[in-house]
Structure formats: structure tokens, C-alpha cells
Amino acid sequence: GAVALASHPIQRDVMALHSPAIRAARPTRASGPRFGASGPRPARPALTRAAVGPIRPVGEDDHRHGVDGGATRRVALVAALAAPILGSIPRPAPALASELEAKVTDEVFFDLAIDSEPAGRVVVGVFGDASPIAAARFKALAQGIQGLGYRRSEINAVEYEEENGADTPLFIADPGVKAFVIPGSSTPVEGLPGGASTDALLPELAKSAISHRRAGLVSLTVERGAPPPPPKERLVSMNGKFVTVKDPPPPGPNGTGFVVTVSGGNSDTPGETAAILDRTNVVIGTVLEGMDVVEAIAALPTVKDNSSSPFFAVAKSIGDKRATVAEQAFGKPFAKVTVARSGIVQDAPPAPDAE
């Protein structure tokens, strides 16, 4: 990287950043969320709140679901190594009154793997009546529709909030499917609830009353968390002349990505998860079993956000593509976390044994 930057006209400024004085003055990692927009967030309508009991723990009614109630050896090892991180996660907050009224109509499962080794099963109770289109869409992708679904998708992001130098995990994210076609072909998938856009999901997001205030909530990503970057201009040859064209912005969410909340926030910002996700995601369910697996994934080592680094700022300002690639990897676990298998609980095979 230094060799590439040295050829730039501002190389002396870059080299000056190596001085001990500059290194000592570097700010700590910015705590602003990667998924939410920067700046003040619009206030949400006030909602009635009421207490609710804790989430059903792992192991309850395990024989019916074919789930091993005890933590797997791999998950237990990760959890033990990450005990300082998990110990800082606040206790789940009480649910809203609207969440108390939400009824679990279906149960879907996700068998997760870390670096191809079984990590455990997560069972999600789907709120089929609260946001019916979003819930049906999530259920269809968990089950698979014409071969398209969450199977083999990757949980590739963990969002954190920093407090006193320690990171509190807020949620983990799966980007969902990339295209609405039958895998291995160009044939469009038919029958997916909501269709091949987010148009049908936007009204449900607008009227959604369930806030991301606690751990274990599952939601579909419907809108961008921040405005798209401005289009980049570049010169291209056209009809013997050089003309300036603008690259289109990256596509926004397609309504298939989902997140699972790990906490509502830290002690300084207890509502941070809701502040990030309530404007972009519609809640479609809650984790019934396997929250220990979710927490173990959230505790995996990830690519740290170094956007406060002066070297990153310089590379970004001169349009270095490596800075953009690095930025996209912030929060990504070093281990590959995948959905090995998913579907409807009543049709579920036994969970695979974890190593």
C-alpha cells in the first residue's frame, strides 16, 4: 500500500502520518454504525410498553425439534474465549405491547456452520400475522422456493457499539439472496411473497410497531441504512471521443437479507440497536432456541473498523479502491459462517452433531 501511495503527489503528507506525534494522536475507532445513517435520526412514534417474560431457553422441548439441548463443544469453546465480550451484553429489555400481541404462527430452523463445522441450530418463531408479507417471504426463503433460499448463504457482518474501549455486539446479519432466479439458471423464481422488489414490504415497514429493543429479534432488511454514495465519474472512449459517464450507485436491499439482534445496546446507548434498525428493518420473528449459537457467532473475531485511521482517510480521499474494499469488510468475521441447512421445523431432520 505504501508503494502505491508513494507515487501520488501528496506522498509527503502521507509519509508525515508515520511520525510518532501523529500516531499518538490517532483517534479511537468511530462508534458510528455501519448499517445506520450518520447524523440525527428521526424520532419514531411513541409506543405503549409492557413487561414480558424471558425468551424460552435452549433445550426446552428439544426432543420435538431434534435439537441437542447442550451447547456444542465448538460453541462452548468460542463462548468461553469470548466470555468478557458476552458478559458486557445487557439483559434483554421488556417487549412492547405490540410484540406481546404478535403470535408465533410458524417455526423455522437454521443449522449454522463455522468454517464448515456444525455450530448448532437456531429456531425462529415467525410472527405470521404482524407483517404477513415479510413473514411469508422469510418463511419461503428459509424453506427454499424452486431451489432459491437461505441455504448456503453467509452471515457476513457483526455490528458493534463501542463503550470504554470494549465492543458490545448489537446484531449479526445475513445479506440474503443476490438474484431472484433459480440457482444455476437465468429463469426467474415465481411465487416468492412480495415479488422481486421491496415495494410490498415498504408499507409493512412503515406501520411496523415492534422495535428492535432486545436480543433475539429477527427482521428483514427493507431499506438502506444510509444514503448511497455519490456516483463516480470516469472517462470512457465512445465513437472516437472521450466522454464522462457516471457509474450507477450500488443496489439497495432486495428484501431478503435478515438480521438477528444480540442486544439492545450497551449501558451508554441502550436503544442503539433500535435506532439503527427500526427505520430499515421489519421484525418478522423471535429466536426460540439457539440464542447461545447466535451469541457465539457475534463473539467471533471480525475485521475491525479502522475508518478513523488517517491512512484510510487519505486512501479514501484519493479514490483508492482498496479503501472501498476494506470498508466493505468492516465487521466481517474472519471465520466463514454459513447456513448449512434451513427449513420448517415440523419437517426438520435431526440437527447435525457439532465437532
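In strand S4, Phe-171 is the bridge partner of Glu-159. Helices (H or I, at least four residues) and strands (E, at least two) are DSSP runs, numbered from the N terminus. Strands S3 and S4 (residues 166-174) run antiparallel to each other over seven bridges; two strands pair if DSSP finds at least two bridges between them. Their hairpin has two residues between the strands, and Asn-164 there takes a positive phi near 55 degrees.

A word on the basis: this is a predicted model, where local features need pLDDT of at least 70 and side-chain atom pairs count only at pLDDT 80 or more, while totals for chains, interfaces and linings use all residues. Residues are numbered from 1 along each chain as its sequence is written, and side-chain values use heavy atoms, with hydrogens and water left out.

**The sheet**

S4 also pairs with S8, again in the antiparallel sense, over four bridges. Across that pairing, Ile-172 stands opposite Val-260 in S8. As for cover, eight of the nine residues of S4 are buried, where buried means under 20% relative accessible area, exposed over 50% and partly exposed in between (1.4 Å probe, protein chains only).

Now zoom out: eight strands make an open antiparallel sheet, in the order S3-S4-S8-S5-S9-S2-S1-S10. Strand S3 (157-163) and strand S10 (337-344) sit at the edges with a single partner strand each, so one side of each has no neighbour in the sheet. From one strand to the next, the twist averages 30 degrees. Helix H11 (residues 291-298) packs on this sheet, touching S1, S2, S3, S4, S8, S9 and S10, and its direction makes about 120 degrees with that of S2. Contact here means heavy atoms within 4.5 Å; axes are lines fitted to C-alpha atoms, for helices over the stretch in contact, with angles from 0 to 180 degrees between N-to-C directions.

**The rings**

Searching the whole structure turns up six aromatic pairs. Rings of Phe, Tyr and Trp (its six-membered ring) pair if their centres lie within 6.5 Å; planes under 30 degrees apart count as stacked, over 60 as edge-to-face and the rest as tilted.

| Pair | Centre to centre | Angle between planes | Type |
|---|---|---|---|
| Phe-138 and Tyr-150 | 5.7 Å | 50 degrees | tilted |
| Phe-138 and Phe-258 | 5.6 Å | 75 degrees | edge-to-face |

Phe-138 lies in helix H8 (residues 132-143) and Tyr-150 in the loop between H8 and S3, so their pair ties together parts 12 residues apart in sequence. The link from Phe-138 to Phe-258 in strand S8 joins distant parts of the chain, 120 residues apart. Phe-138 is buried at 0% relative accessibility, Tyr-150 is buried at 0%, and Phe-258 is buried at 6%. Ring pairs join Phe-110, Phe-138, Tyr-150 and Phe-258 into a cluster.

**Charges over rings**

Arg-121 puts its charged end over the ring of Phe-109, 4.4 Å from the centre. Back in the neighbourhood of numbering where we began, Lys-304 lies over the face of Tyr-160, 5.1 Å from the ring centre. The criterion is NZ of Lys or CZ of Arg within 6 Å of the ring centre and within 35 degrees of the ring normal.
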